[in-house]
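Thanks, everyone. Have a look at the model first.

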Amino acid sequence: MAETDAQRILVVTAHPDDSEFMCGGSVATWVAEGREVFYVISTNGNKGSNDPEMTSDRLVIIREQEQREAARVLGVKEVVFLGYGDGELEDTKEYRGQIVKMIRTFQPDRVVTMDPYRRYFQHRDHRTVGLVTLDACYPYARDYLHYPEHLQEGLQPHKVAEVFIGGSEDADVFVDISETFERKIDALRCHVSQIGNGTREEFVERIKGVFSRFGSHTVEAFKRVEFRR
Ligand SMILES: [Zn+2]
């Protein structure tokens, strides 16, 4: 299926590093094609460490720096952190309102998020971010009477044309990232607190192994959901 001509793309994920793992090559490809990409990271990733010496407070600072650097490597225009605790995302009116506000702020043609319906093996935050983001796109961001305080802040309602859902078992859009795979590796390697300090070669082999299970390491797959105009 051909992609639509989305010029503004908003990627909404749970943790610092989710975007790079899920769609880092696609993001680099879209930026190279002249599209604008924005990130919203819902949690601060403050539980993501196996180091018994690490504290959650220190980890928040490290992971934000790593995420900003990875986004810079990929050419992302702006990164917004919502700052929820890792593992603590809930489907609340407040969180949904924050995603709606991001959609009304960045006015994306395409939203990219995580699959809330993946079966059995799934991080709870990934499930929640996917569910809340789909709801935020339709109908909340579209309709004036939802979160009317945004209007007073000068924001307009917005119709998202399509959502790309990463990590889906029902993928139907396949982005060739053979040209941007090395850039994706560069961005992933910014997340040192998550992937360690091994060599690039070791890391590339690890990524190839993980992604070969889904077909190929030079393809990123999405389920596309189109909303009626
Ligand atoms: Zn994650």
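Start with α2 and helix α6 (residues 181-188): their axes come within 8 Å and cross at roughly 165°. That makes α2 roughly antiparallel to α6, since angles under 35 degrees count as roughly parallel, over 145 as roughly antiparallel, 65 to 115 as roughly perpendicular and the rest as oblique. Axes here are lines fitted to C-alpha atoms, for helices over the stretch in contact, and angles run from 0 to 180 degrees between N-to-C directions. From α2 come A70, V73 and L74; from α6 come R183, D186 and A187. By class, that contact has 4 nonpolar, no polar and 2 charged residues. Contact means C-beta atoms, placed from the backbone, within 7 Å.

A word on the source. This is a predicted model: local features need pLDDT of at least 70, side-chain atom pairs count only at pLDDT 80 or more, and totals for chains, interfaces and linings use all residues. Residues are numbered from 1 along each chain as its sequence is written. Helices (H or I, at least four residues) and strands (E, at least two) are DSSP runs, numbered from the N terminus.

Helix α3 (residues 93-106) packs on helix α4 (residues 124-140) at about 60°, axes 9 Å apart. The two are therefore oblique to each other. On the α3 side, Y95, R96, I99, V100 and I103 take part; they meet V132, T133, D135, A136, C137 and Y140 in α4. This contact divides into 8 nonpolar, 1 polar and 2 charged residues.

Now the sheet. What is its strand order? It is open, with 7 strands in the order β3-β2-β1-β4-β5-β7-β6, and the pairing is mixed. Pairing needs at least two DSSP bridges between two strands. β3 (78-84) and β6 (173-176) are the edges; each has a single partner strand, so one side of each is left without a neighbour in the sheet. On average, neighbouring strands are turned by 25° against each other, direction ignored.

Two pairings in detail. β2 and β3 run parallel, joined by 5 bridges. T43 stands opposite Y84 in β3. Strand β4 (residues 110-114) and strand β5 (residues 162-166) are also parallel, with 5 bridges. There, M114 has G166 as its bridge partner in β5.

Last, what lies on the sheet. Helix α1 (residues 18-32) lies across β1 (8-13), β2 (36-43), β4, β5, β6 and β7 (219-226), at about 170° to β1. Helix α2 (residues 56-74) touches β2 and β3, and its direction makes about 155° with that of β3.

Conventions
Two residues are in contact if their C-beta atoms, placed from the backbone, lie within 7 Å. Ala, Val, Leu, Ile, Met, Phe, Trp, Tyr, Cys and Pro count as nonpolar, Asp, Glu, Lys and Arg as charged, and the others, Gly among them, as polar.
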